[in-house]
Amino acid sequence: MAEMARSNRYARRLSLFYNVFIPYRLDSDGPIGPADSHVPGDRVVFNGRSERHEKRTRDTIRPLIEADNHEMHLHVHHEFWTRNTSHFDHPVSRWVNACSTSEADGQRLDLLFKLSKEAIAREIGRPFEHWAFIHGNWALNASDPLICHVSDEMSIIMRHGGFGDFSFPAGRGYCDPKLERPFTCKPIDQVRAYDDPRSDPRPVDARSRVMNPSRFFIWNSPIKATHSSLDYYSAANRTLFKTPERIVETWLSKSVCLGKNLFIKTHAHSMKSDYQLAQGDGCIPHCHPDIIAIFDCLARACDRARIELKFLTVNEVMQHLHVLDSGQPEVLSAARVVTAPPLEVDGPSARHPEALKVADGAASSEAALPPTSLHAVSVELAAMHRAWMKGEGAHFPVDDLYRTKLSAHAPLEPYEFAVAAAICERYPASATRIVEIGSGWGGLAILLARLGFEVFAFEGNIRRHTACQWHFDQQRQRYPALQESLVLAPAGLFPATFPSTALAEDKINVGICTNITSSYSAENYRAIAHAAASFDELILDLARFGEARNDQSDRDSLFEVLRTTDFRPVEQLYFSAPYEYWRFRSRAVGTRSALPVPVAAEPPDAVVGANRSDRIPTVQFGPIGSGGRLFSMAGDQQLTTCPVCNSKHIEPLWRMPATTLPEPIQVFGGYFDQIPTLQVPATLYGFDFCNGCESIFLNPVPSRQKEGYRKTDHYIRKMQTAAEWKGYEDAYDRFARWIPAEATVMVDAACGVGQYLEVTRQRKTHRWRRLVGLELAEKYVAHMRDQGLEAHVFDVDSDDILAILDADSVDFISFCEAFEHVERPLDALRKLLTVLRPGGRLFFTAQRYGEDVQAAVRPGEPIYIGTKVVNDLPRHLGCRIVNMTTSRMRYYIVLEK
């Protein structure tokens, strides 16, 4: 590791959070020796380390500090010897969860900190008394009961010299603090104390006076763990690393800005066994070619912006924060991008935007148009605004809006940054014309023109029109390349003033309405919208179109008007109440030209607020031929989050043309009723990938599928032969041995016509007191009742299972071939587990993908999971996996509560 770090300029000084190896056991496993340690009266013993082990660790660790000047901090996993709800299958964990107490957990953790500090001091050859902390599995101060119940953890850390925590942003996002920036709080004894008002959480800022020894420091940021990690052992990360520009854009737009410095925090598990460092075949993450490419991209961005890039350790960052907090002059005087290599970063917003990736690089193709950053344009706009107000603009009454912008040092609004970022991500600059309705003084238009887009602007207010013309003239004089690409229409109100030259015949025309509120626009908003249907696409703020709409119900009403008249909604781009920006596509887009309009991409992370997936119609897909659209997307409900883990970090994976077969065919051990084809025209099935849990899923999905399934009688007609029943008997044998011997109550969820219940009833291997079928199809339930089985019409996504079954009352549950068909499969499993007794078992199947999977992904099976979801099941569900097997298509998993 040391040699690799020395060879890479991005890894020469790292903050190493060291998880010291200290063996543990129960006292019954052997006598307690003189080098062993334990809390008096406690059965958990920490073994002393052998001299051989001490020498090996000393020889490895000390050169990292003495020769290479890396910085040492502490990382602790204690989930196997303190209480939690994961109930790990380990003797110590079993005893602790059965017998330990809150006080004993705290004393055990206190002892471990002491032993870890002593071990590190011996290994590095100096005292180890001042350090930062990273919590194993991010569960600081009992923030995740699956891992930690120690609610006074911060005070224990501080007693041993720890000054703060760098666990966040967490791999388990629910642990993240509410305050999305570095802050301090009082170390009170409380679950998730850092979010508790009694801990007095306060952000670190200039002259904030919150950095004092009595308060606990916590690093957090708007960026989340997905974009912070440099770990290339993750398949999702490896995919993400192939787009370094996008990662760097996220780093620059979402990291924490303190004083004159932007702090980018990354993290990596440098010694993880997946990297095969001991075999000499791997490399630490910082030396992986894709990671180097990301840092190279960051360095180039900083060079272009003339901003210094500097790599700091945790202690150096803390020194800067102490200076900032005290109000002294900043240690890092010039504007800088500061990165802390071994720590954490998430998706494009616009809080501190410093760089944008233009879709085709057109912004830098003109020699007279230099590379542009949002910050540079903002500075120029502010200077021009001041010059206008002091010069020609002084002849006009003061414009309060722009005076307020200048006093706030914000010539561009956050929503304008977000819209610019979305446009750059979605449209090729050289093939797109932007038409802005209501340009004001022209700030957004100038930004987009500087990024390489043609811009045609309308402004109806005569004073603002004059100011906009002056700003455009200033830009064209400074940048001659803008002569033809930054144009202002004659003064007048749109659409009364709408010259034919506003539309480009050979480009995608994208209209923008950011803030047009006046008596004229309020009375004529329908005419404005109808005229805007001449554009290929329209980006519009529902809150400020025609009139102010601060209530969600008013914005929803406008949305319905637009949706049912001239436009198809594509995606929400930005939401920060009341501002709500949507991207619409004109229903007349195919009548003017055959230009390929881009499909919806992943919306920026600035998009928050209500989930509108229930009202987004089918996403249309170009191109368009003379006879109309050549392809259309199947499904009419666009998912904005992953159905498995609910992460919003999803991205398009495939657009698959497929044809429905007259009869299903057997292949790869399963049946297919749809196959990929290359027909034109055709229906496309979209599949997305989740960067959070690495699932693959159909998107858009059909919204009315359940309604049709409720009325089906397919399996009543199908289950008429012994051959059909033989298939279910064989499948039953796959899980029958996992049914507890003493079981008396079995539930089959999504049970069809009760095939497995009927098989187990016929086998008579258990003394069944209750066999219960839960099924959505009404005719299936009626059929089972006719056969003497207990059956209930039940929607596993939405119905209350406790209305049918008592909590902790079921011995065994089967849930076969249904995981991929429910709306939220992990939530469905959680619901089923509520009625399973402790020690009871749940068997389920799931469609899978992987190198050894022979079956194709197909629209009929809408969700596919990989090893990450399976490995995370215990922590997601609070149970353990007792058996897991696979076929060429599926996982077969047995969980025990």
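Biologist: What's the bridge partner of Ile539 in S23?
Modeller: That's Arg583. Helices and strands here are DSSP runs numbered from the N terminus, at least four residues (H or I) for a helix and at least two (E) for a strand. Before we go on: this is a predicted model, where local features need pLDDT of at least 70, side-chain atom pairs count only at pLDDT 80 or more, and totals for chains, interfaces and linings use all residues. Residues are numbered from 1 along each chain as its sequence is written, and side-chain values use heavy atoms, with hydrogens and water left out.

Biologist: Ok, and how many bridges join S20 to S23?
Modeller: There are 5, and the two strands run antiparallel. Two strands count as paired if DSSP finds at least two bridges between them.

Biologist: What about S18 and S20, parallel or antiparallel?
Modeller: Parallel, over 4 bridges, with S18 covering residues 508-513. Ile539 turns up again there, as the bridge partner of Ile512.

Biologist: What actually holds strands like that together?
Modeller: Strands of a sheet pair through backbone hydrogen bonds, in either a parallel or an antiparallel way.

Biologist: How many residues of S20 are buried?
Modeller: 5 of the 5, so S20 (residues 537-541) is largely enclosed by the rest of the structure. Buried means under 20% relative accessible area, exposed means over 50%, and partly exposed is in between (1.4 Å probe, protein chains only).

Biologist: Which residues of S20 sit on which side?
Modeller: Glu537, Ile539 and Asp541 are on one side, Leu538 and Leu540 are on the other, and both faces are covered.

Biologist: Zooming out, what's the order of the strands in the open sheet?
Modeller: The sheet has 7 strands in the order S17-S16-S15-S18-S20-S23-S22, and the pairing is mixed. Its edge strands are S17 (486-488) and S22 (567-576), each pairing on one side only. From one strand to the next, the twist averages 20°.

Biologist: How do S22 and S23 pair?
Modeller: They're antiparallel over 8 bridges, with S23 at residues 579-586. In that pairing, Arg568 stands opposite Arg585 in S23.

Biologist: Which strands does H14 touch when it packs on the sheet?
Modeller: H14 (residues 462-478) touches S16 (454-458) and S17, and its direction makes about 160° with that of S17. A contact means heavy atoms within 4.5 Å. The axes are lines fitted to C-alpha atoms, for helices over the stretch in contact, and angles run from 0 to 180 degrees between N-to-C directions.

Biologist: New topic: is Ala532 buried or exposed?
Modeller: Buried, with a relative accessible area of 1%. Ala532 is in helix H15 (residues 519-532). Leaving out residues up to four places away in sequence, Ala532 touches Phe494, Leu538 and Phe567.

Biologist: How far apart are Ala532 and Ile512?
Modeller: They're 20 residues apart in sequence and 9.1 Å apart in space, C-alpha to C-alpha.

Biologist: Now the helices: at what angle do H10 and H11 cross?
Modeller: Roughly 130°, with the axes of H10 (residues 374-390) and H11 (residues 400-407) coming within 11 Å. That makes H10 oblique to H11. The scheme is: under 35 degrees is roughly parallel, over 145 roughly antiparallel, 65 to 115 roughly perpendicular, and the rest oblique.

Biologist: Which residues make that contact?
Modeller: From H10, Ala382, His385, Arg386 and Met389; from H11, Tyr402, Arg403 and Leu406.

Biologist: Where are the cis peptide bonds? Start with Pro169: which residue does it join?
Modeller: Phe168 is joined to Pro169 by a cis bond, with omega about 0°. Pro169 is in the loop between S6 (162-165) and S7 (183-185). The peptide bond from Asn699 to Pro700 is also cis, with omega near 5°. Pro700 is in the loop between S29 (696-698) and H18 (705-710).

Biologist: Last one: what's phi of Asn141?
Modeller: Near 55°, a positive value in a residue other than glycine. Asn141 is buried, at 0% relative accessible area. Asp808 has a positive phi of about 55° too, but at 42% relative accessibility Asp808 is partly exposed.
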